[in-house]
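Please keep the sequence and the coordinates at hand while reading.

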Amino acid sequence: MKKIKKLLFFFIILAFIIIPLPAGDMTIRLQLTEMVGNDYALHYSNTDSFFTPSKSIAGEIDYEKNQVIFHLDNSLEGLTALRLDFPHTDTLISVEKITVSSAGIIQKQFNPSLFFAPGNLIETHDLEAISQATAQDKAYLATSDWDPYVVLSEKLVKQIDSGFSHFHLSRLAICLFIAACTYFTKKDYFTNKE
């Protein structure tokens, strides 16, 4: 009987960890060396590779931290295409770090010199130059004042999309905590045995 209870308990825990829950929202952060402009946008598609004005997320600017932040609702999981738009100004943008976080945890961190490498971009528009400073782990983008943007490759979009958290690790941590509590309640550590 004890074996059946333990087996049933194990399957309940396994189901609790594995059963899919709605994903958490995702946040994409671009860490810049210096804040340049204020008109950043992320265009997305979750059905095809076409971009429409209605499927656009304006970047939130944090001037103190030199960050551009994009908040993606969990309903956007299943992204098929992403386009990153830069301010319409003739300038040089230095990207130091790119992170994808969900459920309060950084799920992915990208090296900008690899993120903006030619193999990860299927289209660049009105960018005079993209320079990968691999020794510094930075990317420099020289933009024009017309309509600068980059379209990310399908492989890179899949990596970003996999950053939506389904709380598997959080649920595993909860189960381990309950198991540890159960184990220690059965031990008599705090009784005076003199």
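How much space lies in the largest cavity? In this predicted model, the largest cavity holds about 60 Å³ of space. The structure has one cavity of 30 Å³ or more. The lining of the largest cavity is formed by I28, L30, L42, F70, L82, L84, F115, L152 and I160. Two elements, β1 and β6, each give two or more residues to that lining. Classified by residue type, the lining has nine nonpolar residues, no polar residues and no charged residues.

The chain has four helices and 12 strands. When contacts between residues at least 6 apart in sequence are taken, 71% of them join residues at least 24 apart.

β6 is mostly covered, with five of its five residues buried. In a regular strand, side chains alternate between the two faces of the sheet. In β6, A81, R83 and D85 point one way while L82 and L84 point the other way, and all are buried. The lining of the largest cavity includes L82 and L84. β6 also has paired strands. Strand β2 (residues 41-45) pairs with β6 in the antiparallel sense over five bridges, and within this pairing L84 is the bridge partner of L42. L42 is likewise among the residues that line the largest cavity. β6 and β12 run antiparallel and are joined by three bridges; here V150 in β12 is the bridge partner of L84.

From β12 the chain leads towards helix α3. S153 is placed in the loop between β12 and α3. Which of the two is S153, buried or exposed? S153 counts as buried, because its relative accessibility is 6% and the cut-off for burial is under 20%. Leaving aside residues up to four places away in sequence, S153 touches G119, N120, L121 and I122.

Helix α3 itself spans residues 154-161, and L156, V157, I160 and D161 are buried in it. Viewed down the helix axis, the buried residues of α3 fall within an arc of 135 degrees, so they line one face of the helix. The face turned away from this buried side carries the exposed residues E154, K155 and K158. The buried residues pack against β1 (26-32), β6 (81-85), β7 (91-102), β8 (105-110), α2 (112-115) and β12 (149-152). I160 is also one of the residues lining the largest cavity.

Beyond α3, G163 lies in the loop between α3 and α4 (168-186). G163 has a relative accessible area of 0% and is therefore buried. Not counting residues up to four places away in sequence, G163 touches M26, V100, S102 and Q107. G163 and I105 are 58 residues apart in sequence, and their C-alpha atoms are 9.7 Å apart in space.

A further strand pair remains to be described. Strands β10 (residues 127-133) and β11 (residues 138-143) run antiparallel and are joined by six bridges. A133 stands opposite K138 in β11. The hairpin of β10 and β11 has four residues between the strands, and in this hairpin D137 takes a positive phi near 55 degrees.

Key: Residues numbered from 1 in each chain as written. Predicted model: local features only at pLDDT ≥ 70, side-chain atom pairs only at ≥ 80, totals over all residues. Heavy atoms only, no water. Buried < 20%, exposed > 50% of the residue type's maximum accessible area, 1.4 Å probe, protein only. Arc of directions from axis to C-beta. Contact = heavy atoms within 4.5 Å. 1 Å grid on protein atoms, 1.4 Å probe; cavity = no way out; pocket = protein on both sides within 12 Å on 5 of 7 lines; lining within 4 Å. Points joined across faces, edges and corners; volume = space filled by probe spheres on them. Nonpolar A, V, L, I, M, F, W, Y, C, P; charged D, E, K, R; others polar. Pairing = 2+ DSSP bridges.
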